Amino acid sequence: MIRQRPQLTVSVFAVLILVVAATHADDSQEPNRVLMTKHPLTAEQAQVVQKAWADHLGFEAAFENSIGMQLRVIPPGTFRMSSPKAKKGQKGPVEVTLSQAFLIGQFEVTQGEWKRVMGPIERKLDAGAGDRFPVYRISHTEASEFCRKLTQLDRKAGKLPDGYEYRLPTDAEWEFACRAGTLTLTHFGDKMSSRLANYDGNSPFRDSEKGPNLDRTAQVGTYPANAWGLHEIHGNLCEWCLDWYHHKVEGGVDPVQLEPADWEKPPMVVRDCRWGYHGRYCSSANRYHAPPQSGRSTIGFRPVLSKLHLNK
């Protein structure tokens, strides 16, 4: 268990101290965690902290599992979750602390990876087909089952460290991983053309320039990564999270909604934007929802590998 440290007020100087401490981290001393409540990290600072935590945990910063899937180490930390302009029912940004480091898929789960774990894909793949395309038309239940079976495969292959298992990311983990130390609307900044993410470039993000509209998924790795090495975390597909969807975003330590909202048909959280959709829905804070049994051509997922065990 990664111990929690007292909350600190962040300054530019504190961020620099954090990075220096992370640079000199070793196995005998836990690196500092990321503090990004007021000031962002540069890409270089984010990567230094990521490397320090990977070394501390005994992982490569880019870890490859038994099926060839690549995952990236995400350090623990504190950040402001959700949008400054809260949607109906939300209370605006809340402070969240993630107490443990975790790993998350560098790419959305591909069709090739799905077949290696779950077998043949017996559904219509009309928005991009091939082993390097992300898998879609996958329900929340199926995505969770993929994580369970991947845990078994990695354990059998001796690739899973003691205590670790795969699962879907929590709502908070997803946003923290997406931001990679940034405080802007996207990890690219407050502008993002469809040359940086797969969405409908005819309806660009804010006042970004117009760009292409593929009108389908793109192969993983087509678009630039964030500072922690995650590709297509904006655009391409919306992504399932572990949480049931609630209007109110919870703060605190390791928040997760494991009980459904009091709705007639409670949905699950999905994150960010997808191919063919308006750019305004692509942001690090964008939360949406879908029924857990939904198997849409616009929803995929990426797994988390963690010691923090959460059961839905």
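**A helix pair up close**

Mentor: On the α3 side, Glu-113, Trp-114, Arg-116, Val-117 and Met-118 meet Glu-142, Glu-145, Phe-146, Lys-149, Leu-150 and Leu-153 of α4, contact meaning heavy atoms within 4.5 Å. Sorted by class, that contact of α3 with α4 holds six nonpolar, no polar and five charged residues (Ala, Val, Leu, Ile, Met, Phe, Trp, Tyr, Cys and Pro count as nonpolar, Asp, Glu, Lys and Arg as charged, and the others, Gly among them, as polar). Keep in mind that this is a predicted model, where local features need pLDDT of at least 70, side-chain atom pairs count only at pLDDT 80 or more, and totals for chains, interfaces and linings use all residues. Residues are numbered from 1 along each chain as its sequence is written, and side-chain values use heavy atoms, with hydrogens and water left out.

As for the geometry, α3 spans residues 111-118 and α4 residues 140-156, and they pack at about 65° with axes 9 Å apart (helices are DSSP runs of H or I, at least four residues, and strands are E runs of at least two, numbered from the N terminus; axes are lines fitted to C-alpha atoms, for helices over the stretch in contact, and angles run from 0 to 180 degrees between N-to-C directions). So α3 and α4 are roughly perpendicular, a label for 65 to 115 degrees. The crossing of α3 past α4 is left-handed, meaning the near helix is turned anticlockwise from the far one by less than a right angle.

Key: Angles under 35 degrees count as roughly parallel, over 145 as roughly antiparallel, 65 to 115 as roughly perpendicular and the rest as oblique.
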